[in-house]
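I opened the notebook to record what I looked up in this structure. The entries follow the order in which I checked things.

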Amino acid sequence: ELFSESSEESREQAADALAEMTFFEGEHIIREGDIGSTFYILFSGEVSVQKNRKEVSRLSSKLDGHSLTDLVESEQLPEVVFFGERALLVSEPRAATVRAVSKRVVVM
């Protein structure tokens, strides 16, 4: 669980730091080779992960129907799908391109 080990205060701080972004079918969320300083929680929709312009996987949100409050406060949510975290862990360019494939994708 993403926030199950966190105190209520820590969960509130995390919620305050999350910014909702919407992408539409075909739009790039991150691009392979770019410098990144953000990771994304896939809140709704489906994305394609591509390396060298070839799709290597698809990610689908398991949070559809839940609110941001649910995400931060509940310990019983489905698996949280996220991407782009590598840019925070190592000083390397983005390892893949992530593109929206559903009509609407919401990330935090």
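I started with the residue classes around the largest pocket: its lining has 10 nonpolar, 5 charged and 1 polar residue. I kept in mind that the model is predicted. The space in this pocket comes to about 240 Å³. I then looked up which of the 16 lining residues lie closest to the pocket centre, and found G84, E85, R86, A95 and A96. Two or more lining residues come from each of β4 (46-51), β6 and α3 (86-89).

Entry 2, the sheet. In what order do the 4 strands of the open sheet stand? I read the order as β2-β7-β4-β5, with antiparallel pairing. β2 (28-30) and β5 (54-60) are at the edges and have a single partner strand each, so one side of each has no neighbour in the sheet. On average, neighbouring strands here are turned by 30 degrees against each other, with direction ignored. I noted a general point: strands of a sheet pair through backbone hydrogen bonds, in a parallel or an antiparallel way. I then checked the pairing of β2 with β7 (residues 97-100), which is antiparallel and runs over 2 bridges. I looked up I30 and found that its bridge partner in β7 is V98.

How many aromatic pairs does the structure hold? I found 2. In one of them, the ring centres of F39 and F82 are 6.1 Å apart and the planes stand at 85 degrees, so I wrote the pair down as edge-to-face; the cut-off for that class is over 60 degrees. F39 sits in the loop between β2 and β3 (40-44), and F82 sits in strand β6 (residues 82-83), so the pair ties together parts 43 residues apart in sequence. I checked accessibility next. F39 has 34% relative accessibility and counts as partly exposed. F82, at 39%, also counts as partly exposed.

The other pair I looked up is Y40 with F83, which is stacked, with 5.4 Å from centre to centre and 25 degrees between the planes. Y40 is in strand β3 and F83 in strand β6, 43 residues apart, and the pair links these distant parts of the chain.

Technical notes:
Residues are numbered from 1 along each chain as its sequence is written. This is a predicted model: local features need pLDDT of at least 70, side-chain atom pairs count only at pLDDT 80 or more; totals for chains, interfaces and linings use all residues. Side-chain values use heavy atoms; hydrogens and water are left out. Two strands pair if DSSP finds at least two bridges between them. Axes are lines fitted to C-alpha atoms, for helices over the stretch in contact, and angles run from 0 to 180 degrees between N-to-C directions. Rings of Phe, Tyr and Trp (its six-membered ring) pair if their centres lie within 6.5 Å; planes under 30 degrees apart count as stacked, over 60 as edge-to-face and the rest as tilted. Buried means under 20% relative accessible area, exposed over 50%, partly exposed in between (1.4 Å probe, protein chains only). On a 1 Å grid over the protein atoms alone, a cavity is a set of points where a 1.4 Å probe fits but cannot get out, and a pocket is an open set with protein on both sides within 12 Å along at least five of seven lines; lining residues have an atom within 4 Å of a point. Grid points are joined across faces, edges and corners, and a volume is the space filled by probe spheres set on the points. Ala, Val, Leu, Ile, Met, Phe, Trp, Tyr, Cys and Pro count as nonpolar, Asp, Glu, Lys and Arg as charged, and the others, Gly among them, as polar.
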